[in-house]
Amino acid sequence: MSLDPHAPGRRAASDWEYAPAPESAAIGRVRDRYQMFVGGKFVDGRGADLTTLNPATAEPLSVVSTASGPDVDDAVGQARKAFEGSWSRISGAERGKYLFRIARGIAERARELAVLETLDNGKPIKESRDADVPTAAAHFFYHAGWADKLQHAGFGPSPRPLGVVGQVIPWNFPLLMAAWKIAPALAAGNTVVIKPAETTPLSILVLAEILADADLPPGVVNILPGAGDIGRALVNHPGIDKVAFTGSTDVGKQIQRSLAGTGRRLTLELGGKAANIVFDDAPIDQAVEGIVNGIFFNQGHVCCAGSRLLVQESVAEEVIAKLQERISTLRLGDPMDKNTDIGAINSAEQLARVTALAATGDDEGAIRWTSPSPVPDRGYFFPPTVFTNVAQSMRIAREEIFGPVLSVLTFRTPDEAVAKANNTPYGLSAGVWTEKGSRILGMASALRAGVVWANTFNRFDPTAAFGGYKESGFGREGGRSGLAAYLDTDDEGGL
Amino acid sequence: MPDEHPPPGAERLAVAKTYKLFVGGAFPRSESGRTYQVTDPRGRFLANAARASRKDGRDAVSAARKAFGGWSGATAYNRGQVIYRIAEMLEGRRAQFVDLLTSAGEHDAAASVDAGVDRLVHYAGWTDKLAAVFGGANPVAGPFFSFSTPEPTGVVVAVAPQQDSLLGLVSVIAPIITSGNTVVVIASRHRPLAALALAEVLATSDLPGGVVNILTGDPAEIAPSLAAHGDVDALDLTGTEGELRTALEREAAGTVKRVFAPSASDFTRAPGTARLRAFLETKTVWHPTGALSLGGAGGY
């Protein structure tokens with residue numbers, strides 16, 4: 001088959017197919033069984049063992065011992081003992097050194113963690129390798145430096161830790177979310193009991209090994225694998241001083257309700273339905289890359305995913321055509337292949353949810369376009385999907401799908417773009433694509449969202465605050481704002 | 001020629017005041033038509049105050065929402081001047097407030113009024129410093145310009161302290177509006193007069209209508225529907241305790257409202273920043289700086 005340079009848009013695929021380039025699963029050193037981490041020891045929980053699957057094959061990957069109610073009591077007790085016995089007493093400089101050690105430990109075992117994460121989560125190895133694991137290490141490195149500088153954080157003259165922190169994290173970035181939660185808590189001098197998601201418990205248990213290797217005092221971090229009931233028991237445990245949750249808005253509301261009147265601190269990182277806004281003067285090719293990155297990164301399992309494309313009417317046809325052409329080149333399949341762009345949906349349950357929500361798009365009159373990329377015949381996969389002819393009232397424009405599904409809406413004026421973008425109870429993130437500087441800054445201030453990416457998307461850094469407006473939650477992670485969630489500054493006159 | 005000795009029982013009668021609500025910069029009666037008697041600690045009649053209904057609460061939220069765009073969009077310099085102007089107007093009515101607080105049985109009335117004025121001056125100076133103190137550039141690891149700025153949360157509903165009827169009220173309202181939020185405040189149930197007199201101060205300062213709305217009545221009656229209101233972004237529960245506080249926090253969860261519920265507040269102490277920060281969002285904006293081509297200075 002010849003390649004005709006005068007036929008734009010046509011690719012001679014057979015000449016340019018990549019050979020398979022699978023990463024070795026052996027690097028992940030998956031063990032047959034994993035245990036909880038409580039009081040500095042790996043112990044069996046009193047809950048039933050849990051089998052975690054490789055979502056790319058739907059086959060069992062490993063078995064994990066899970067917690068039960070009494071294990072939550074034990075872990076909270078260990079965390080309290082560690083808080084009062086050692087962790088709140090050692091100097092900030094020493095605390096920082098532990099965090100630096102942990103950052104190094106993650107970097108040293110980066111390959112193993114990346115492979116393990118991909119096996120357990122289904123995300124492409126290139127993402128776990130280049131984003132999840134290095135950013136997790138960076139979070140410990142960044143927060144390590146705060147531990148002895150808290151009085152400079154700007155929250156009053158004598159910031160103090162809150163005590164024992166209960167944390168619940170989701171399955172979309174298992175290791176990274178653990179780092180986001182644990183690093184600032186420890187830097188501020190708190191101790192932690194954390195529950196990973198039911199479907200992705202492995203990488204945080206390897207992190208536990210790193211914590212132990214760093215000689216972190218026993219009980220400073222306790223890890224309780226389990227399902228939602230353990231999360232509930234943890235956040236409602238009377239021995240917890242602060243709760244930090246990342247997950248769905250529904251569960252966040254339940255937690256806020258259940259903590260009402262307890263005086264316990266709470267931060268929530270919840271869902272989103274981000275608008276990615278493309279103006280007619282935008283660099284279209286870069287915008288298309290940004291749209292793809294915004295919605296298909298991590299299979300769209302991203303709370304800040306750019307799931308609503310708002311494109312100016314005058315360039316809508318061009319953008320959609322280029323977008324579909326670009327998406328056609330995305331490779332869906334084995335997450336362990338270094339050439340894979342889109343991996344597996346994390347679970348059968350999530351696949352069913354994405355499938356059902358996408359079906360409402362058809363029912364409500366949107367037009368579905370699906371990537372021609374072949375879909376593996378086993379494992380949990382959903383091909384990149386774009387809905388056009390979308391109205392704001394449709395469920396695919398209002399509800400978080402949390403999968404590789406993009407809804408396209410159009411607008412004519414900047415005011416209309418702002419009105420449509422803000423027309424959601426969520427307010428986590430937004431994107432703006434335009435060459436005009438004043439428009440970028442004007443849009444950035446008009447959008448009611450915690451993060452605005454202009455001419456880029458899905459950028460994260462431990463120095464930059466991340467978190468939502470409105471029903472996307474309250475509190476921030478990263479930067480100085482993120483520390484506030486883990487510090488008591490009430491000695492400012494009770495005000 | 002006037003009588004030098006009026007007959008007994010004919011002394012000049014004071015003009016007793018009937019207070020109304022303060023909503024959207026105007027002084028409406030409660031739509032319910034209800035009032036209640038305000039008395040001093042010994043039970044003597046002081047004034048009638050409006051007893052706001054849930055509908056009044058909704059109207060106040062509408063007024064606060066309508067005012068939010070203009071107030072949050074005003075320059076920090078302008079907001080600072082307006083808040084300072086409130087301090088000026090309060091200072092000018094110092095004697096009236098001392099009388100009111102004294103009649104309400106509050107101790108150290110003069111010191112409270114002075115502290116209230118000073119508190120407003122304090123917050124007037126915060127408006128143009130918030131962004132520098134709580135925001136800034138983020139030194140991200142990549143070719144991006146990234147910065148974080150504080151922004152107001154939106155419409156805040158506050159239950160004012162029940163005891164410290166002027167200083168507590170000012171200490172609650174000022175940090176909320178300093179950063180550009182608008183507020184619906186429910187005044188102290190039994191000591192609402194300072195709040196109602198403050199409404200007259202606010203109406204004659206340069207504060208745009210709707211930025212501060214003051215309701216009088218029973219917090220237990222008005223507050224729950226406001227805590228559940230879909231267009232309210234945050235709650236300040238300083239003036240609540242016990243079951244009412246718990247109920248309001250529970251209602252707030254339905255729309256993931258920010259809740260500020262301090263365990264105790266000593267308003268005579270110098271204010272920190274917790275109240276300011278409670279009603280601030282942090283917005284982070286990213287933009288590429290281009291390929292690094294000029295010795296690390298960023299391409300362009």
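# A guided look at a predicted two-chain model

Visitor: Which strands of the open sheet in chain A stand at the edges?
Guide: The sheet is open and mixed in its pairing, with 3 strands in the order β1-β5-β4 of chain A. An edge strand here has a single partner strand, so one side of it is left without a neighbour in the sheet, and the strands in that position are β1 (33-34) and β4 (50-54) of chain A.

Visitor: Which residue of chain B stands opposite A:Val451?
Guide: Strand pairing also occurs between the chains, where β18(A) and strand β10 of chain B, residues 280-288, pair in the parallel sense over 3 bridges. In β10(B), the residue opposite A:Val451 is B:Thr284.

Visitor: How much area do chain A and chain B bury between them?
Guide: The size of an interface is often given as the accessible area lost when the parts come together. Here 48 residues of chain A are in contact with 50 residues of chain B. Of the area buried between chain A and chain B, 51% is on carbon and sulfur atoms, and the total is about 3600 Å².

Visitor: With which residue of chain B does A:Arg476 form a salt bridge?
Guide: Side chains of opposite charge can pair when their charged atoms come close. Across the interface of chain A and chain B there are 2 salt bridges. With the closest N and O atoms 3.0 Å apart, A:Arg476 forms a salt bridge with B:Glu281.

Visitor: How far apart in sequence are the parts that B:Arg51 and B:Glu221 tie together?
Guide: Over all chains the structure holds 48 salt bridges, and one of them joins B:Arg51 to B:Glu221, with the closest N and O atoms 3.2 Å apart. B:Arg51 lies in the loop between β2 (45-50) and α1 (54-73) of chain B, while B:Glu221 lies in helix α8 (residues 219-228) of chain B, so the pair ties together parts whose separation in sequence is 170 residues. B:Arg51 counts as partly exposed at 29% relative accessibility, and B:Glu221 likewise counts as partly exposed at 23%, but the separation that you asked about remains 170 residues.

Visitor: Is B:Glu106 buried or exposed?
Guide: B:Glu106 forms a salt bridge with B:Arg191, the closest N and O atoms being 3.7 Å apart. This pair links distant parts of the chain, since B:Glu106 is in the loop between α3 (94-103) and α4 (109-124) of chain B and B:Arg191 is in the loop between β6 (182-186) and α7 of chain B, 85 residues apart. Buried means under 20% relative accessible area, and with a value of 9% B:Glu106 is buried.

Visitor: How many of the 11 residues of α7(B) are buried?
Guide: Among the buried residues of α7(B) are B:Leu193, B:Glu200 and B:Leu202. What covers the buried residues of α7(B) includes β1, β2, α2, α3, α6 (167-178) and β7 of chain B. This helix is mostly covered, and of its 11 residues the number buried is 10.

Visitor: What is the relative accessibility of A:Asn298?
Guide: Most residues other than glycine have a negative phi, and most peptide bonds are trans. Phi of A:Asn298, however, has a positive value, near 55 degrees, and A:Asn298 lies in the loop between α10 (284-296) and β13 (308-312) of chain A. A:Asn298 counts as buried, for its relative accessibility is 0%.

Definitions and conventions: Residues numbered from 1 in each chain as written. Chains lettered and ligands numbered in written order. Predicted model: local features only at pLDDT ≥ 70, side-chain atom pairs only at ≥ 80, totals over all residues. Heavy atoms only, no water. Salt bridge = Lys/Arg side-chain N within 4 Å of Asp/Glu carboxyl O. Helix = DSSP H or I, 4+ residues; strand = E, 2+ residues; numbered from the N terminus. Buried < 20%, exposed > 50% of the residue type's maximum accessible area, 1.4 Å probe, protein only. Contact = heavy atoms within 4.5 Å. Buried area = accessible area lost by both parts, 1.4 Å probe. Pairing = 2+ DSSP bridges.
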